[in-house]
Amino acid sequence: NPGNLPLNIKSANLPPDVYESQNPYNPSWKFTNLPPIQEEPMEPPAEKFIPLIRIAPEVIQYNKYKGQADTWENYGKWVAGVFAGRQNLSASTISNLNQMVSQAGTSREKVRILYKYLQSRTHYINISLGIGGLQPHQASDVDELGYGDCKDLSNYMVAMLDAVGIKSYYTLVKAGEGKYSFEKDQPGHQFNHVIVCVPQASDTIWLECTSQILPFGQLGSYTDNRPVLIIKDNSGVLARTPDYPIETNFINSKIEIVHNDEGTAATGHFIFSGLMLDEPVHIATQNKADQLDWINGNLEMTDFTITNFQFKVNEEMKTSVELDTEVALHSFFFFFNGRFFASVNLNNHIEVPARVRNRKRDLYIPYSYRNSDTVVISLPAGYKPEQLPESTVSDERFGKYTMRSRAEQNKITCIRTFEM
């Protein structure tokens, strides 16, 4: 630190015998005999338990852009200066955008129209030279070329919304599945991604501008439930992206099985919602061959053939992905001595983490979710149920499991629900 810049230093999980110098401008630490760390299943993020030292300067300068990072307000002011004047659009583009939304009845509908327009005509390319890793290109250039990185596309989206009279904000976030850690008391560059925040009268719309397939307003596990810095009024304001509660974070399935002289067939209906739709919404845009490979790899059945399937992405009301399948089951029923046997545990087997003796760290569950599976078996003619699985309710500290079965009108229905 030759310039003796003021430093913001945060440490965590340091062993008691660590040596630490008292020089605030040139700090040093000395560790000895650090023990190895044994990995444990479902453990917290590493920064929660490994020795950690974070050092951030309170004075920053990139090229000609100088600023302070002693508060989030000042850091936001510096970021605002870096992209100031880069949201210009041509008069013809502004006229086209206003014509595009002229029939929209609400502000939210205008945002949706422009977001779909962004998705339809841009794609992600990262070209970062010099300060380009921190500064977006001109919105007019993105409009003309149709590509950019997260900064470029988000800046372009803000410019388009401003052109039709809707206020929105360039927003910094630390992206990545499970990347929830954040040091609130250490202003500075803790972010690696940019999204857009659009405040509304009754809620807030969040836009992921680098994806051409995400449903409108959906963030997903890449940026959910974490601190963000909204660049607003030449300053920075800390906020948080929405989480996905268990009520919206689920996979529901219903599989109906029929046996006749031609064999055993099943129809399946699956609904993916919240964070559970991250992968299915991507698969829904792929070709049929790739979709079939994904279904074959994710249906937890044995000895089956997919005969038909269809994906559907819902955006209008509750965002979800639906999958309908038709399946030939080749060995579902086992006939023996005038009886037949069938397993109702047909799909979505629950994985149990490996047991660890003398576990040292807490069990870590990053988000809540629910899986609900219904299996309906139509009995072959002349058969009636002799024994059904016993109903089960297990309500533990970290989750809940229920299984209920019933027989009525020549059908066996088994419903399993798992919550964590």
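**Second largest pocket.** I looked up its lining and found nine nonpolar, nine polar and nine charged residues. Here Ala, Val, Leu, Ile, Met, Phe, Trp, Tyr, Cys and Pro count as nonpolar, Asp, Glu, Lys and Arg as charged, and the others, Gly among them, as polar. This is a predicted model, in which local features need pLDDT of at least 70 and side-chain atom pairs count only at pLDDT 80 or more, while totals for chains, interfaces and linings use all residues. Residues are numbered from 1 along each chain as its sequence is written, and side-chain values use heavy atoms, with hydrogens and water left out.

The volume of the second largest pocket is about 670 Å³. Of its 27 lining residues, Arg108, Gln218, Met317, Lys318 and Thr319 are the closest to its centre. A pocket is an open set of points on a 1 Å grid over the protein atoms alone, where a 1.4 Å probe fits, with protein on both sides within 12 Å along at least five of seven lines; lining residues have an atom within 4 Å of a point. The volume is the space filled by probe spheres set on the points, which are joined across faces, edges and corners.

I also noted that helix H3 (107–121), strand E11 and strand E15 (263–273) each supply at least two residues of this lining. Helices (H or I, at least four residues) and strands (E, at least two) are DSSP runs, numbered from the N terminus.

**Strand E11 again.** I followed E11 (residues 204–207) to its partner E10 (residues 193–199): the two pair in the antiparallel sense over four bridges. Pairing requires that DSSP finds at least two bridges between the strands. Four residues lie between them in a hairpin, and valine 198 stands opposite isoleucine 205.

**Helix H7.** Which residues of H7 (residues 288–298) are buried? I found Gln291, Trp294 and Ile295. Buried means under 20% relative accessible area, exposed over 50%, and partly exposed in between (1.4 Å probe, protein chains only).

**Two loop residues.** Most residues other than glycine have a negative phi. Asparagine 234 has a positive phi of about 60°; I located it in the loop between strands E12 (227–232) and E13 (235–240). At 47% relative accessibility, asparagine 234 is partly exposed. Glutamine 409 has a positive phi too, near 50°, and is exposed at 76% relative accessibility.
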